[in-house]
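Please read these notes with the model open beside you.

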Amino acid sequence: MNFKLKDIGPQLITVLAVVLVFGFFTYNAQVNMENRGIDFGYGFLSQESSFDVQFSLIEYDGSHSYFRAYLVGLLNTILVSVIGIVIATILGVIVGIARLSPNYLINKFAAFYVEFFRNIPLLLQIFFWYFAALRALPLPQDAEPMFGVSYLTIKGLYVPAFIWQNYNIFFYSVVAAVIAIIVIRTYAKKVQENQGKQTPVLLISIGLILILPLLSFLIGGVRLSFEVPVLKQLATTSFIYEGGVSLPPELIALALSLSLYTATFIAECVRAGIQGVGKGQKEAAASIGLNPNQVLKLVVMPQALRIIIPPTTNQYLNLTKNSSLAAAIAYPDLVLVFAGTALMQTGKAIEIVSITMFTYLTLSISISILMNWYNKKIAIQEK
Amino acid sequence: MFKYLKQLTSLVAMVAVLFTFTTETMAAKKSKTLKNTQKKGFVRCGVSQGLPGFSNADAAGNWTGVDVDVCRAVAAAVLGDANKVKFTPLSAKERFTALTSGEIDILSRNTTWTLSRDADIGLTFVGVNFYDGQGFMVRKSSGITSTSQFKDGISACTNIGTTTELNMRDFFNSKGISYEPVAFEKADEVVAAYDAGRCDTYTTDKSGLAAQRTKMSNPDEHIVLPETISKEPLGPVVRQGDSVWEDIVRWSLNTMIEAEELGITSANADSMKTSDNPAVKRLVGAEGELGAAFGLDNEWNLRIIKQVGNYGESYKRNIADTGILPDRGPNELWTKGGILYVPPSR
């Protein structure tokens with residue numbers, strides 16, 4: 001290779017400029033912090049946090065460390081993002097397909113939903129679902145039971161808790177069923193490719209996933225009972241439900257608004273993907289005798305997915321980042337717990353903000369890598 | 001002729017050097033913050049996003065409150081006009097960063113003076129302008145009249161980033177009560193959620209409870225419980241490292257309190273110049289050189305009293321007359337059974 005200065009010169013200058021800018025900011029921050037008597041360091045992470053958090057997936061109270069508080073916030077962020085992504089995807093696909101429906105009512109209703117929800121700022125929607133919808137919910141003592149055992153109240157959704165006996169036997173039976181289904185599917189595909197015979201895979205799969213766990217109850221000694229929430233009086237007009245599982249209204253409002261908002265964008269991705277598949281493909285598929293379901297499943301969707309996945313990845317990233325609006329309605333996510341309370345109690349602004357930024361970066365990159373891997377998997381295999 | 005010229009030049013040079021040196025030391029006495037403030041022509045003051053009685057903006061954007069008056073006093077002292085203040089509303093979370101990063105020069109935002117805040121994060125507390133304590137508000141209909149009636153599972157709405165969160169934990173832990181903390185970033189959202197029935201109790205400084213109660217849809221349905229669970233001395237804060245500016249803010253506040261003690265009000269300040277009491281005369285600038293040490297003129301304290309009033313006037317105007325806390329409690333002068341006691345201005 002023969003490098004010429006004119007080729008690498010501009011690049012060297014760019015690198016140098018970036019290094020200088022970063023160096024300047026670091027130096028500037030150091031000098032200013034020294035002048036103002038602020039220490040720099042990550043030692044605070046092991047100190048006792050001494051504040052409590054409303055809702056946590058791991059055991060936590062104020063006697064744990066700031067690092068533990070960070071984990072609590074991170075897990076809550078992941079929880080609401082995962083719930084949001086799942087609901088948004090399901091809803092987005094349904095609405096996206098509905099927008100292409102020949103049925104006038106379904107078509108227009110889907111279009112109205114998309115235009116309405118994607119054109120209102122997300123923060124407003126979060127406030128609406130939290131404050132306006134919350135006020136409409138009954139107080140715990142006035143709540144009507146849903147299915148006799150669950151209560152949706154202003155203080156949250158109370159559902160029965162599952163009390164398992166021999167839970168691991170049940171778990172293994174589910175795992176065994178899943179493995180069996182994968183094996184049968186692979187086998188059925190081979191049979192179809194070699195002999196052209198079709199196996200009723202769906203029926204067998206449903207049977208397996210029902211029968212194996214059922215057996216674990218009948219002969220495996222697995223028992224399941226429910227702990228139903230019970231009304232408890234705190235004061236004359238103040239009640240809560242005890243027992244069971246309670247989901248805070250903050251989580252419900254945030255997950256709901258995030259998924260309703262993001263689903264509109266995913267719906268557009270899905271519609272674009274389906275419309276992006278050539279008309280000739282559908283006609284050709286129909287002409288070889290595939291029924292409309294098979295056309296969608298075997299011909300249109302595999303091609304549409306290639307168009308749908310990359311922009312949908314962006315929507316997943318947006319949803320994850322938008323979950324930081326949680327702070328406005330007291331859902332204890334990473335921003336509220338760590339970049340909020342912990343930052344205030346320690347005053348370690350640079351450290352905490354840098355950790356938080358790095359965490360969001362890592363989360364986003366992980367989602368990107370996962371989606372890119374999936375995208376590559378479904379891409380056209382050049383032979 | 002040329003011989004003299006050379007000598008003359010060196011003489012001029014020497015005088016010039018000496019002169020620069022002396023002006024330099026005079027200026028060095030003044031603080032950097034003071035210099036910047038005088039250059040800009042306004043005091044940059046961080047306040048709350050709306051706490052009646054302490055710092056609250058009316059529909060026309062005019063700020064009032066006892067915290068606001070501290071900044072106005074400083075503006076009267078260093079700029080000669082109490083109205084030359086630029087107020088920046090800050091959330092509890094933003095306030096210290098805004099101060100340490102130099103966005104504001106005084107933080108007067110019902111901020112509790114604690115050891116770790118004073119020592120750790122590059123801040124200096126200059127005094128106390130309101131002695132407060134954390135309390136609880138509940139609905140009257142709940143029948144709760146004391147914190148001893150709190151039971152396991154109680155949910156408490158509050159703000160993040162305050163000492164409230166820590167005190168609340170200490171309180172409930174010491175009583176062995178399990179509780180659900182619901183912490184919001186902004187006070188308005190705390191009030192909205194509590195008002196909607198999301199929480200059984202709302203906890204913050206008692207002055208804050210009294211002030212926020214006025215924002216409820218029906219204030220009479222709520223009561224503040226008698227117990228006080230913490231000490232919350234609230235006061236103005238400045239950045240560490242500018243001791244002259246720190247002194248100016250501290251003594252602007254002290255001047256207001258001492259003026260009340262000496263019976264000087266905005267109405268009678270001018271006539272007090274001829275008083276027989278030397279302490280009174282010093283506080284209205286008729287005697288002594290109290291401003292010189294700060295690089296200010298001699299009537300800085302007179303301007304504070306005339307334009308802003310003494311502490312008692314400020315309290316009455318902002319907190320008592322608005323019905324927030326008519327009883328001054330600990331915020332009464334030490335001579336009248338309170339704990340307001342400031343070092344003498346002399």
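1. The cover over the buried residues of helix 4 of chain A includes helix 7 (249–275) of chain A together with helix 7 of chain B. Those buried residues are A:Ile126, A:Trp129, A:Tyr130 and A:Leu134. A residue is buried if 20 or more other C-beta atoms, placed from the backbone, lie within 10 Å of its own. Helices are DSSP runs of H or I with at least four residues, strands are E runs of at least two, and both are numbered from the N terminus.

2. This is a predicted model: local features need pLDDT of at least 70, side-chain atom pairs count only at pLDDT 80 or more, and totals for chains, interfaces and linings use all residues. Residues are numbered from 1 along each chain as its sequence is written, with chains lettered from A and ligands numbered from 1 in the order in which they are written.

3. Helix 4 of chain A bends by about 25° at A:Phe128; the bend is the angle between axes fitted to the seven residues ending there and the seven starting there.

4. Chain A has 11 helices and 7 strands. Of its 383 residues, 30% count as buried. Along its principal axes the C-alpha trace of chain A spans about 85 × 80 × 45 Å.

5. The contact between the chains takes 33 residues from chain A and 38 residues from chain B, where two residues are in contact if their C-beta atoms, placed from the backbone, lie within 7 Å. On the side of chain B that touches chain A, strand 10 of chain B gives the most, with 5 residues.

Methods:
Buried ≥ 20, exposed ≤ 12 C-beta atoms within 10 Å, placed from the backbone.
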